[in-house]
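Colleague: I would like to learn how to read this model, feature by feature. Please show it first.

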Amino acid sequence: MLKDKNIILGVTASIAAYKAASLVRLLVKEGANVKVIMTTYAKEFISPVTMATLSKNTVLSDFFKHDDGSWNSHVDLGMWADVLIVAPTTANTMAKMAHGICDNLLLTTYLSAKCPVIHAPAMDLDMFKHPATLRNMEILRSYGDKFIEPSSGELASGLHGKGRMEEPDVIVKKITEFFESKKKN
Ligand SMILES: Cc1cc2nc3c(=O)[nH]c(=O)nc-3n(C[C@H](O)[C@H](O)[C@H](O)COP(=O)(O)O)c2cc1C
């Protein structure tokens with residue numbers, strides 16, 4: 001179902017970013033073409049070299065490349081993608097997306113994308129249940145975005161609760177189901 005699908009994987013700055021490596025590997029194994037966009041801080045959590053190697057594509061992060069005047073087109077990326085998956089999605093990125101802020105490549109691509117958007121949030125339990133986060137999720141849902149809800153368990157902080165990004169194999173299953181249901185309708 002994912003064969004030849006064009007997938008943008010947005011990776012934001014959560015400790016769960018390490019799971020994005022397995023996710024990209026699974027998507028590529030399924031035959032998808034994957035382009036990874038990382039936020040600046042996401043690169044503190046997982047190396048772009050890892051993501052580039054596993055996705056078989058250069059990782060995109062900046063608007064501009066070096067000093068040669070070339071740049072990454074969020075408009076082209078938005079048109080290329082069959083789906084934009086943001087995994088993990090931080091509270092910060094959700095808030096910015098909900099309010100149309102676009103001060104990095106992932107956010108400008110989000111605003112330009114015509115394709116479906118699926119988020120897999122990851123955060124500490126109190127961040128996740130804060131009214132601001134819940135409201136931002138509602139706003140994003142009202143735009144048509146889908147969510148793969150985080151699971152409950154031990155969090156990186158040592159606390160227990162809801163906020164763990166769903167496992168990569170479950171995310172792949174949900175994306176596959178999403179495309180299957182789209183094909184039926
Ligand atoms: C060790 C560490 C772990 C973090 N984990 C999360 C997280 O799981 N979820 C989250 O929303 N923010 C988390 N943050 C905060 C984000 O990194 C911060 O809000 C950042 O500005 C998000 O940037 P981005 O959304 O542009 O990637 C963490 C910060 C640190 C230092």
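Modeller: We go from the overall fold to the sheet, the ligand shell and a few backbone details.

Colleague: What kind of model is this, and how are residues numbered?

Modeller: This is a predicted model: local features need pLDDT of at least 70, side-chain atom pairs count only at pLDDT 80 or more, and totals for chains, interfaces and linings use all residues. Residues are numbered from 1 along each chain as its sequence is written.

Colleague: How many helices and strands does the protein have?

Modeller: Helices (H or I, at least four residues) and strands (E, at least two) are DSSP runs, numbered from the N terminus. The protein has 8 helices and 7 strands. Its radius of gyration is 15 Å, close to the 16 Å that the globule rule gives for 185 residues, so it is as compact as a globular protein of that length. That radius is taken over C-alpha atoms, and the rule is 2.2 Å times the number of residues to the power 0.38. Along the principal axes, the C-alpha atoms fill a box of roughly 45 × 40 × 30 Å.

Colleague: What share of the residues is buried?

Modeller: Start with the cut-offs. A residue is buried if 20 or more other C-beta atoms lie within 10 Å of its own, exposed if 12 or fewer, and partly exposed in between; C-beta atoms are placed from the backbone. Buried residues make up 41% of the 185.

Colleague: And contacts: what percentage join residues at least 24 apart?

Modeller: Two residues are in contact if their C-beta atoms, placed from the backbone, lie within 7 Å. Take the contacts between residues at least 6 apart in sequence: 75% of them join residues at least 24 apart.

Colleague: Now the sheet. What is the strand order?

Modeller: Two strands pair if DSSP finds at least two bridges between them. Here an open sheet of 5 strands has the order E2-E1-E3-E4-E5, with parallel pairing. E2 and E5 stand at the edges with a single partner strand each, so one side of each is left without a neighbour in the sheet. Helix H1 (residues 18–29) packs on the sheet and touches E1, E2 and E3. The direction of H1 makes about 175° with that of E1; such angles run from 0 to 180 degrees between N-to-C directions, with axes fitted as lines to C-alpha atoms, for helices over the stretch in contact.

Colleague: Which residues stand opposite each other in these pairs?

Modeller: E1 and E3 run parallel, joined by 4 bridges. Leu9 stands opposite Ile85 in E3. E3 and E4 are also parallel, over 4 bridges, and Ile85 has Ile118 as its bridge partner in E4. E4 pairs with E5 in the parallel sense over 2 bridges; there His119 stands opposite Phe147.

Colleague: Why is E4 described as largely enclosed?

Modeller: 5 of the 5 residues of E4 are buried, so the strand is largely enclosed by the rest of the structure. Val117, His119 and Pro121 lie on one side, Ile118 and Ala120 on the other.

Colleague: Where does Asp145 sit, and what does Asp145 touch?

Modeller: Asp145 is in the loop between helix H7 (131–142) and strand E5 (146–147). Asp145 is buried, with 20 other C-beta atoms within 10 Å. Leaving out residues up to four places away in sequence, Asp145 touches Val117, His119 and Leu140.

Colleague: How do I read the hairpin of E6 and E7?

Modeller: Look at direction, then at the turn. E6 (residues 151–154) and E7 (residues 160–164) run antiparallel, joined by 4 bridges. Ser152 stands opposite Lys162. There are 5 residues between the strands, and Gly158 takes a positive phi near 95°.

Colleague: Which residues are closest to the ligand?

Modeller: A residue is near a molecule if its C-beta atom, placed from the backbone, lies within 6 Å of it. 15 residues surround the ligand; the closest are Thr12, Ala13, Ser14, Thr39 and Thr90. H4 gives the most to this shell, with 3 residues. The shell divides into 9 nonpolar, 6 polar and no charged. Ala, Val, Leu, Ile, Met, Phe, Trp, Tyr, Cys and Pro count as nonpolar, Asp, Glu, Lys and Arg as charged, and the others, Gly among them, as polar.
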